[in-house]
Amino acid sequence: MSSQNIYILGIESSCDDTAASVIHNGRILSNVIANQKIHEEYGGVVPELASRAHQQNIVPVVTQALKKANITKDELHAIAFTRGPGLMGSLLVGTSFAKSLAYGLDIPLIDVNHMQGHILAHFIDEDGYNKPPFPFLAMTISGGHTQIVKVSGYFDMEVIGETIDDAVGEAFDKSGKILGLGYPAGPEIDKRAQLGNPKAYSFTKPKVDGLNFSFSGLKTGILYFIQNETKANPNFVEENLNDICASIQYTIIGILMDKLKLAVKQTGITHIAIGGGVSANSGIRKALKDGEQKFGWTTYVPKFEFTTDNAAMIAIVGYLKYLDKDFAEQNVAASARLKI
Ligand code: KG4
Ligand code: ZN
């Protein structure tokens, strides 16, 4: 990478987190996130509320990111923003804000694909963190995405597998809802899974060809299972919650690992990077570590703050595109279904 002295502001607003980050060359100086608590009581993200909360949060979040980085906006070289994919109302807030700021400061505007952000987060300079070599496989697992991507260069990516219905994080969250857990349920299922028996109950894995995923059948299977068991014993869930969580998590991780093994087999690539909120899951982390021993994989798991939705990942893509002078025009439009 270049040794120029480049400061870039990254802005992320694709879902329910308003985030801003300043990157100096490859290093993150600030990474600020305003989470929207408002969605918890609805058990999921409500798009209209998300958009309104972004409007309220964006100025304070950007101001704080600049302050924490100890720079003024006049020192910025470019503004990078998430163009998509995501919720249209949410994307529009970040997009219009980024456009006006870049226009006002008369500096380049850089559009960023959120999914590329999750993957290129591995290229943030961090002491002691080894970046994956090209080509590598990236598995993005979150509440909004589930993909396996073959990454041959910073901007040479091919999606080789993805979900045909729910994302893996939704599988955790919707299962948790059936069990009466709060939203998002992933972290609690993980915590309880560590205290339970993963083989207590078995759930049918979906049959999807190739490298694609499906999680909606699993959710239905769990619903019927719980309905059946509670008919016989109304206290079934509370009496067996840890075992149920462990069994659900075991099944979901099994699905992810089966596809990952197939992807390695098909591509011959053994360097594997993960990203997205579900990478925090202790079971998937352990399964990947085991894969290093069992299959000779090398795995890459970035710091937690760079795996969930954040603006540091948008800033690093902004920096890489800045070096390529790959800028956007002022008429660039947000795109809810933007592809890699
Ligand atoms: O990346 P993220 O913060 O937001 C997007 O969805 O883009 O991911 C949130 C998802 C939620 O579905 C949440 O339940 C899940 O990540 N999650 C977990 C864990 N921590 C977060 N799922 C399983 N185990 C965890 N420890
Ligand atoms: Zn995301």
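The model is predicted. One open sheet has 5 strands in the order β3-β2-β1-β4-β5, and another open sheet of 5 strands has the order β8-β7-β6-β9-β10. Ligand 1 is surrounded by 18 residues, and the protein covers 87% of the 550 Å² of accessible area that ligand 1 has on its own.

**The sheet with β1 to β5**

- Strands of a sheet pair through backbone hydrogen bonds, and the pairing is either parallel or antiparallel.
- In the sheet ordered β3-β2-β1-β4-β5, the pairing is mixed.
- Its edge strands are β3 (27-35) and β5 (109-113), each of which pairs on one side only.
- From one strand to the next, the twist of this sheet averages 20 degrees.
- Strand β1 covers residues 7-12 and strand β4 covers residues 78-84; the two pair in the parallel sense over 4 bridges.
- Within this pairing, L9 has I79 of β4 as its bridge partner.

**Helices on this sheet**

- Helix α2, made of residues 88-105, lies across β1, β4 and β5.
- The direction of α2 is at about 160 degrees to β4.
- Helix α10, made of residues 312-323, also packs on the sheet, where it touches β1, β2 (17-24), β3, β4 and β5.
- Between the directions of α10 and β1 the angle is about 135 degrees.

**The sheet with β6 to β10**

- The pairing in the sheet ordered β8-β7-β6-β9-β10 is mixed.
- Here the edge strands are β8 (156-162) and β10 (298-300), and each pairs on one side only.
- The twist of this sheet averages 25 degrees from one strand to the next.
- Strand β9, residues 271-275, pairs with β10 in the parallel sense, over 3 bridges.
- In this pairing, I272 stands opposite T299 of β10.

- Helix α8, residues 282-295, lies across β6, β9 and β10.
- Relative to β10, α8 runs at about 150 degrees.

**Ligand 1**

- Of the 18 residues around ligand 1, the closest are G143, D173, D190, G277 and N281.
- By class, this shell has 5 nonpolar, 10 polar and 3 charged residues.
- Helices α4 (168-178) and α5 (186-193) each supply at least two residues of the shell.
- A backbone N or O atom of G143 is 2.8 Å from an oxygen atom of ligand 1.
- For G277, a polar backbone atom lies 2.9 Å from an oxygen atom of the ligand.
- A polar backbone atom of G169 is 3.3 Å from an oxygen atom of ligand 1.

**Backbone details in loops**

- The peptide bond that joins G84 and P85 is cis, with omega about -5 degrees.
- P85 is in the loop between β4 and α2.
- D106 is a residue other than glycine with a positive phi, near 55 degrees.
- The position of D106 is in the loop between α2 and β5.

Terms used. Residues numbered from 1 in each chain as written. Chains lettered and ligands numbered in written order. Predicted model: local features only at pLDDT ≥ 70, side-chain atom pairs only at ≥ 80, totals over all residues. Heavy atoms only, no water. Near = heavy atom within 4 Å. Polar contact = N/O pair within 3.5 Å; in protein donor to acceptor, adjacent residues only side chain to side chain. Areas by Shrake-Rupley, 256 points an atom, 1.4 Å probe, with all protein chains shown as cover. Nonpolar A, V, L, I, M, F, W, Y, C, P; charged D, E, K, R; others polar. Pairing = 2+ DSSP bridges. Axes fitted to C-alpha atoms, helices over the stretch in contact; angles between N-to-C directions. Contact = heavy atoms within 4.5 Å.
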